[in-house]
There are 2 protein chains.
Amino acid sequence: MSNTDDTPIRTPLTLEDGVDFAIIEHLFFAYRDFTADPDAILERYGFGRAHHRVLHFVNRRPGLTVAELLDVLRITKQSLARVLKQLVDSGYIVQLQGPRDRRQRELYPTRKGRDLARDLSLPQSRRIHAALQEAQLKDSALIERFLRAMVNPELRAQMDKLPNGRPD
Amino acid sequence: MSNTDDTPIRTPLTLEDGVDFAIIEHLFFAYRDFTADPDAILERYGFGRAHHRVLHFVNRRPGLTVAELLDVLRITKQSLARVLKQLVDSGYIVQLQGPRDRRQRELYPTRKGRDLARDLSLPQSRRIHAALQEAQLKDSALIERFLRAMVNPELRAQMDKLPNGRPD
DNA sequence: GAAAATATGTCAACAAGACTGACATAAATT
DNA sequence: AATTTATGTCAGTCTTGTTGACATATTTTC
């Protein structure tokens, strides 16, 4: 081949190129530190971020089924099965047979699961409150509206299924 | 053992528990869709998100050294080496011997690398602009301030090394 | 100038968490 | 009775992260 031009480009890619790098990069750094807090706690339990997500949504929507959880997380059955099994085996989540449809497994947190879920979100909540204060935002509505608008419209209905959602 | 209480908890974890779930969850969904755009493009090249990050920062700070890149990405030498080698081998990045310290390798994008980097950030930038509009935010300063405040203070200096940063 | 420290590259091995596709079971629906 | 659905499970793959050891070239220090 060798139809490639190896000349190094020495000027940085900037705003002039029509791209909003500031927010792109801020999101990257912010999200990394945002997830670092719970990650550190999870490590002590031998869990990872995948366990956190499962535990989180089971606590936010107790009784949701495996299919619903797959829909929220957008991962495959196999990926979920692994971490869910560990959470059930170690007593953080229980599975109950669905009352109307007995094929379904409703997922509920145990006391232990509820406590861990809360502990994991506390540092994240603290970070958010501190950031709101530092950025001198009186309420979080603006940030929430922006973040919601960043989500694909088709997926916003799912966010509304969670309790304490903004009542539109 | 069996000192665990298996009783299912049927009430959802809510705001009353003192945690700001709205923003926590909005961040999760927003970041997922935000990264999905470039991921789809990268797949066509046989690259992943790791390649994107490397390519991005090399384009934003042409000439940065391997050590500096490791510092920004906070991954290990080995993790970087794999993806960097692929990017160099396929002509997206070139390595030049450092002029003062010849042990260093300065990283620069090629034309091809610059173009791909821009293509990857375009959909992200479009999503951000659309979200700002939808959330009726005249400018992005508020969002930027909030996201910056979400980052650990020690790491903010690194963000300032990127071009077109807010001049504080 | 010799010794030590530094920047980078590379090797082998491992782990988490995503994926696919196939197949099994029980229960509900047609 | 046949089909579809919800879930579980098996085997195998891929990406991207990890560790620790070691090699090389170069710079810095004594």
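Buried means under 20% relative accessible area, exposed means over 50%, and partly exposed lies in between, with a 1.4 Å probe and protein chains only. This is a predicted model, in which local features need pLDDT of at least 70, side-chain atom pairs count only at pLDDT 80 or more, and totals for chains, interfaces and linings use all residues. Residues are numbered from 1 along each chain as its sequence is written, chains are lettered from A and ligands numbered from 1 in the order written, and side-chain values use heavy atoms, without hydrogens and water.

**View 1. A:Y31 and A:F34 form a ring pair in helix 1 of chain A.** Rings of Phe, Tyr and Trp (its six-membered ring) pair if their centres lie within 6.5 Å; planes under 30 degrees apart are stacked, over 60 edge-to-face, and the rest tilted. The whole structure holds 15 aromatic pairs over all chains. In one of these, the centres of A:Y31 and A:F34 are 5.9 Å apart and the planes meet at 45°, so the pair is tilted. Both residues lie in helix 1 (residues 21-45), three residues apart, about one turn of the helix. Helices (H or I, at least four residues) and strands (E, at least two) are DSSP runs, numbered from the N terminus. A:F34 is buried because its relative accessible area is 3%. A:Y31 is buried too, at 9%.

**View 2. A:Y31 meets B:Y31 across the chains.** The ring centres are 4.0 Å apart and the planes are at 5°, so A:Y31 and B:Y31 are stacked. Helix 1 of chain A supplies A:Y31, and helix 1 (residues 21-45) of chain B supplies B:Y31. Both tyrosines are buried. Ring pairs join A:Y31, A:F34, B:Y31 and B:F34 into a cluster.

**View 3. Chain B makes contacts with phosphate oxygens of DNA strand D.** A polar contact is a pair of N or O atoms within 3.5 Å; within protein, one must be able to donate a hydrogen and the other to accept it, and residues adjacent in sequence count only if both atoms are side-chain atoms. The side chain of B:R53 places an N or O atom 3.0 Å from a phosphate oxygen. For a polar backbone atom of B:T76, the distance is 2.6 Å. For an N or O atom in the side chain of B:S79, it is 3.4 Å.

View 4. Helix 2 of chain B gives the most, with four residues.
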